[in-house]
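Hello,

Here is the structure I promised to pass on. My notes on what I found in it follow just below.

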Amino acid sequence: MAINPSVQVVVLNWRTPDMSLVAAEAALREIEGLDGGVTIVDNGSDDGSFEKMQTEAEARGWLADGRVAVLQSGWNGGFGAGNNHGIRQGLPDGRRPDLVYLLNSDAIPQPGAIRVLRDYLVAHPAVGLACSRLRGTDGAPHLTAFRFPSAAGEFEAASRSGPVTRLLRDKVVAMPQPPISGRVDWSAGASMMIRSEVLDRIGLFDEGFFLYFEETDLCRRAAMAGWETHYVVESEVEHIGSASTGMKTWKRAPDYWYDSRRRYFEKHHGRGGALWATAAVLGGSALWGLRCLLQRRRTELPPGHLSHLTRHALRRQPLPVHVDKGQP
């Protein structure tokens, strides 16, 4: 890799134009002095977001200096599809970047955050993806360092049992906050830098995932191809979280979450493995339910969660496996 690799920042917008502009402005500040640019993609918001961001970018002089491009994807294909659209365009001046940096519209890179990720990838040639340490606006850390999902991990999470967690501690998906930078299985795509050569080899995001599990899948495909994913604590990003999805107000997960979960397990563990993972959730939930019954407390499971999970898992039609084959 070049000593001064070029960086394309991709900010994906869906009906949060003001946030996206703030994120883009922070990214521009942080890539000052670097070879790079910012691509803002409106993911089919159909609410005037694209026009507002384009007008504001022009008024701020971002378009004239060639460091920002504002694009319209044309439809809301989800997180992966929207980011793929931006990645395919390359830098605002048309060049292919050495590194692609994905930044959520509700994420604000703190001083040095982007440069730290770039320098980390330059210094660690075996690392294909580098992700930031996220914190909330209140300063509280967000748990974004993870192991790959497995049936054992599904059982541990559903059982909510200390003894089970201790027994399966190496399978717990959400890892404790890493104190130093290093390897993880996967991390959140809210602030993720990827080598373009990794995407050339494994393809872009699988657009069969509308939302959720797409970055898990990407990191797993990278690992299968020999590339590591690292969590970089020196790169800090403030993250509001769920600004576009409204996840914090969900009473239960939408259908696309169940579809994405099934897609991930079937893709990487086969149909039998996916069914086994669902059985593990049901078994763990039964253990948790028994405990709640004995303690006369509510399970606090979302209404209909287990029935929706089972129904999606038992659907007969196979999910098509679509993986973008890379950049042109």
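Helix α8 passes helix α9 in a left-handed crossing (left-handed if the near helix is turned anticlockwise from the far one by less than a right angle, right-handed if clockwise). The contact (heavy atoms within 4.5 Å) is made by T216, D217, R220, R221 and M224 on the α8 side and by Y264, K267, H268 and H269 on the α9 side. These residues divide into 2 nonpolar, 3 polar and 4 charged, where Ala, Val, Leu, Ile, Met, Phe, Trp, Tyr, Cys and Pro count as nonpolar, Asp, Glu, Lys and Arg as charged, and the others, Gly among them, as polar.

α8 covers residues 214–224 and α9 residues 255–295, and they pack at an angle of about 15° with their axes 11 Å apart. That angle makes α8 roughly parallel to α9, because angles under 35 degrees count as roughly parallel, over 145 as roughly antiparallel, 65 to 115 as roughly perpendicular and the rest as oblique. The axes are lines fitted to C-alpha atoms, for helices over the stretch in contact, and angles run from 0 to 180 degrees between N-to-C directions. Helices (H or I, at least four residues) and strands (E, at least two) are DSSP runs, numbered from the N terminus.

Before the rest, a word on the source: this is a predicted model, in which local features need pLDDT of at least 70 and side-chain atom pairs count only at pLDDT 80 or more, while totals for chains, interfaces and linings use all residues. Residues are numbered from 1 along each chain as its sequence is written, and side-chain values use heavy atoms, with hydrogens and water left out.

Next, strand β6 (residues 127–135). Of its 9 residues, 8 are buried (under 20% relative accessible area; exposed is over 50%, partly exposed in between; 1.4 Å probe, protein chains only). β6 pairs with β11 (residues 228–239) in the parallel sense over 8 bridges, and with β10 (residues 191–195) in the antiparallel sense over 3 bridges; pairing requires that DSSP finds at least two bridges between the strands. L129 has T229 as its bridge partner in β11 and I194 in β10.

Finally, two backbone details. Most residues other than glycine have a negative phi. D46, in the loop between β2 (36–42) and α2 (49–59), has a positive phi of about 55° and is exposed at 73% relative accessible area. R160, in the loop between α5 (151–159) and α6 (162–167), has a positive phi of about 50° and is partly exposed at 35%.

Best wishes
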